[in-house]
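Trainee: I would like to learn how to read a few features in a structure. Can we take them one at a time?

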Amino acid sequence: AFKVQDQGLQIAVSIKDPKECLRYAGVSVTGVTISESPKWLKDRLLSIGIRPINNIVDITNFVLHETGQPLHAFDADAITGRQVIVQTLPAQTPFITLDGKERKLSNEDLMICNTEKPMCIGGVFGGLHSGVTATTKNIFLESAWFNPINIRKSSVKHGLRTDAATRFEKGVDISNTVNVLKRAATMIKEIAG
């Protein structure tokens, strides 16, 4: 069962555009060890055509397919100012996504930012410099409700047809946001130390 054990890594969340993001929940998990997932988890993912990556990413993918709620894991130490700000940025702001490509944002793209820079195109695709890597020790896990219309616009504009985006476009259950977060955090604690 989920229970808070340590308040040491506090990350504040502010939503600048509540119409586009009605719910944003997060939890910090400290002292994780990034490694290969156990065989049962890899087998489950492979059985539905998903390539295992590492224990944290695999857990978020597993929970997405189990519950229908996309999750995103950030390296908590990359969250400058220990703040997550959900906002739009000026048109043409450059942003490098996880695939190494620089994209020019539109002023409608909902971005998950820290106090210095954007980290993720909300509900669509992560950025190059805030994701979980082999050396990550602390993570911040996001579970949110984003406006389906907004997600579809960003996903199509940038040609990023991701699992997360297709789920958000159909609408996820806002009442389940926190339950899913607790489920994933409990799995991370069991599997990633």
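Trainee: Is D99 buried, exposed or partly exposed?

Mentor: This is a predicted model. D99 has a relative accessible area of 36%, so it counts as partly exposed.

Trainee: Which residue does D99 pair with in a salt bridge?

Mentor: Start with the idea. Side chains of opposite charge can pair when their charged atoms come close. Here the side chain of D99 meets that of R103, at 2.6 Å from N to O. R103 is buried, at 10% relative accessibility.

Trainee: K42 sits in a helix. Which residues of α1 are buried?

Mentor: The general idea comes first. An α-helix has 3.6 residues a turn, so residues three or four places apart point the same way. In α1, residues 39-47, the buried ones are L41, K42 and L45. Viewed down the axis of α1, they fall within an arc of 100°, so they line one face of the helix. K39 and S47, on the other side, are exposed.

Trainee: What do the buried residues of α1 pack against?

Mentor: They pack against α2 (55-67) and α5 (177-191). Look just after α1 as well: G49 has a positive phi of about 80°.

Trainee: Now the cores. Which residues of the largest nonpolar core touch the most other members?

Mentor: In soluble globular proteins, nonpolar side chains tend to be buried together. The largest nonpolar core here has 31 residues, and Y24, F74, V84, I112, F140 and F146 touch the most other members. Elements that each supply at least two residues of this core include β2 (21-29), β4 (83-88) and α4 (163-170). Apart from it lies another core, of 24 residues, including V32, L41, I139 and M187.

Trainee: What does F146 touch, leaving out residues up to four places away in sequence?

Mentor: Its contacts include E20, L110, I112, I151 and F168. E20 is the residue paired with K19 in a salt bridge.

Definitions and conventions:
Residues are numbered from 1 along each chain as its sequence is written. This is a predicted model: local features need pLDDT of at least 70, side-chain atom pairs count only at pLDDT 80 or more; totals for chains, interfaces and linings use all residues. Side-chain values use heavy atoms; hydrogens and water are left out. Buried means under 20% relative accessible area, exposed over 50%, partly exposed in between (1.4 Å probe, protein chains only). Helices (H or I, at least four residues) and strands (E, at least two) are DSSP runs, numbered from the N terminus. The arc is that of the directions from the helix axis to the C-beta atoms. Contact means heavy atoms within 4.5 Å. A nonpolar core is a set of buried Ala, Val, Leu, Ile, Met, Phe, Trp, Tyr and Cys residues joined through side-chain atoms within 4.5 Å. A salt bridge is a side-chain nitrogen of Lys or Arg within 4 Å of a carboxyl oxygen of Asp or Glu.
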